[in-house]
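I set down here what I looked up in this structure, entry by entry. Terms are given with their cut-offs at the point of use.

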Amino acid sequence: MGRKEPAPDGLRRRRSTPLSSTVIRSLPSNRWDDYRNLRLESLKSDPSAFGTSFEEEEILTEAEWKRRMKNVLFAVSEDMSVGMIGYLFNERVKKKHIAELIGVYVTANHRGEGIGTKMLESALSSIRKNKAIVKVQLLVNPEQRAAVNVYEKFGFVVIGVLKKELKVGRKFYDVLFMEKML
Ligand SMILES: CC(C)(COP(=O)(O)OP(=O)(O)OC[C@H]1O[C@@H](n2cnc3c(N)ncnc32)[C@H](O)[C@@H]1OP(=O)(O)O)[C@@H](O)C(=O)NCCC(=O)NCCS
């Protein structure tokens with residue numbers, strides 16, 4: 001039997017869970033604690049990847065989590081929420097053609113399985129159903145290499161750099177402003 005050559009990027013690749021068993025979908029409001037748990041986990045594990053802090057969100061009410069999760073798609077594997085992606089439509093009259101991706105996260109032990117890619121596909125397909133939308137924007141810390149790579153894979157381009165946009169602890173971070181025309 002021939003020995004299998006490892007993929008060139010094999011070191012960072014794990015395909016422990018078959019991607020086909022992970023479904024991207026919205027969750028009913030009675031599963032708001034799935035959202036809360038995953039969101040608080042993300043703010044704790046990757047604080048410099050997001051614009052808000054654990055302390056700010058830890059105190060949100062049940063009603064607020066329920067309101068926010070209406071705009072979120074979840075990656076569900078064996079009935080567990082292992083990832084999420086949010087999208088918003090700008091409500092201002094002159095900006096109703098713009099959508100925004102927010103809160104993109106895959107739990108650490110499921111990264112590299114293709115879930116992020118699958119979530120992006122689903123979110124963009126949901127956004128496209130709104131025929132008014134002509135472009136999608138997002139903000140990302142360039143230190144989140146996997147995130148930048150996945151966005152570039154979907155055709156997002158860097159429009160500009162917001163200098164010292166985030167301060168986490170004592171450290172400042174620049175943030176990339178990216179967009180994709182639909
Ligand atoms: C960004 C994130 C959601 C990607 O999720 P994922 O399920 O691991 O992504 P995928 O397995 O679909 O990989 C998507 C692409 O990301 C890139 N990528 C994945 N892992 C990577 C790594 N460790 N290093 C560099 N690039 C990586 C690759 O370009 C990959 O595409 P490819 O498989 O065609 O080569 C996940 O890494 C994450 O939650 N990171 C922490 C939070 C974060 O940075 N969120 C973004 C906020 S803007």
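Is E78 buried or exposed? I found E78 exposed, because 8 other C-beta atoms lie within 10 Å. The scale I used calls a residue buried if 20 or more other C-beta atoms lie within 10 Å of its own, exposed if 12 or fewer, and partly exposed in between, with C-beta atoms placed from the backbone.

**Basis of the entries**

I note that this is a predicted model, in which local features need pLDDT of at least 70 and side-chain atom pairs count only at pLDDT 80 or more, while totals for chains, interfaces and linings use all residues. Residues are numbered from 1 along each chain as its sequence is written.

**The loop between β2 and β3**

I located E78 in the loop between β2 and β3. Helices (H or I, at least four residues) and strands (E, at least two) are DSSP runs, numbered from the N terminus. The hairpin of β2 and β3 has two residues between the strands. I read a phi near 50 degrees for E78, which is positive in a residue other than glycine. D79 lies in the loop between β2 and β3 as well, and its phi is positive too, at about 65 degrees, although D79 is not a glycine.

I next traced the strand order. Seven strands form an open sheet of mixed pairing, in the order β1-β2-β3-β4-β5-β7-β6. Two strands are taken to pair if DSSP finds at least two bridges between them. β1 (22-25) and β6 (157-168) stand at the edges with a single partner strand each, so one side of each has no neighbour in the sheet. On average, neighbouring strands of this sheet are turned by 20 degrees against each other, direction ignored. Axes here are lines fitted to C-alpha atoms, for helices over the stretch in contact, and angles run from 0 to 180 degrees between N-to-C directions.

I then listed individual pairings:

- β1 and β2 are antiparallel over four bridges, and T22 has S77 in β2 as its bridge partner.
- β2 and β3 run antiparallel and are joined by six bridges; A75 stands opposite G83 in β3.
- β5 and β7 pair in the antiparallel sense over six bridges, with V136 opposite K180 in β7.

How many of the six residues of β2 are buried? I counted five, so β2 is largely enclosed by the rest of the structure.

I also checked R25, which is found in strand β1. R25 counts as exposed because it has 9 C-beta neighbours inside 10 Å. Leaving aside neighbours within four places in sequence, R25 is in contact with L73, F74 and V76; contact requires C-beta atoms, placed from the backbone, within 7 Å of each other. From R25 to N109, 84 residues apart in sequence, I noted 20 Å between C-alpha atoms.

**The nonpolar core**

In soluble globular proteins, nonpolar side chains tend to be buried together. A nonpolar core is here a set of buried Ala, Val, Leu, Ile, Met, Phe, Trp, Tyr and Cys residues joined through C-beta atoms within 7 Å. The largest such core has 32 residues, of which V72, L73, A75, M84, I85 and M119 touch the most other members. Among the elements that supply at least two residues of this core are α1 (32-45), β2 (72-77), β3 (80-89) and α4 (115-128). For M84, neighbours within four places in sequence aside, I recorded contacts with L38, V72, L73, F74, A75, G103 and Y105.

**W65**

I found W65 in helix α3 (residues 62-68). W65 counts as partly exposed because it has 19 C-beta neighbours inside 10 Å. Beyond residues up to four places away in sequence, W65 touches W32, Y35, R36 and L60. Its C-alpha atom is separated by 9.8 Å from that of R31, which is 34 residues away along the chain.

Methods. Two residues are in contact if their C-beta atoms, placed from the backbone, lie within 7 Å.
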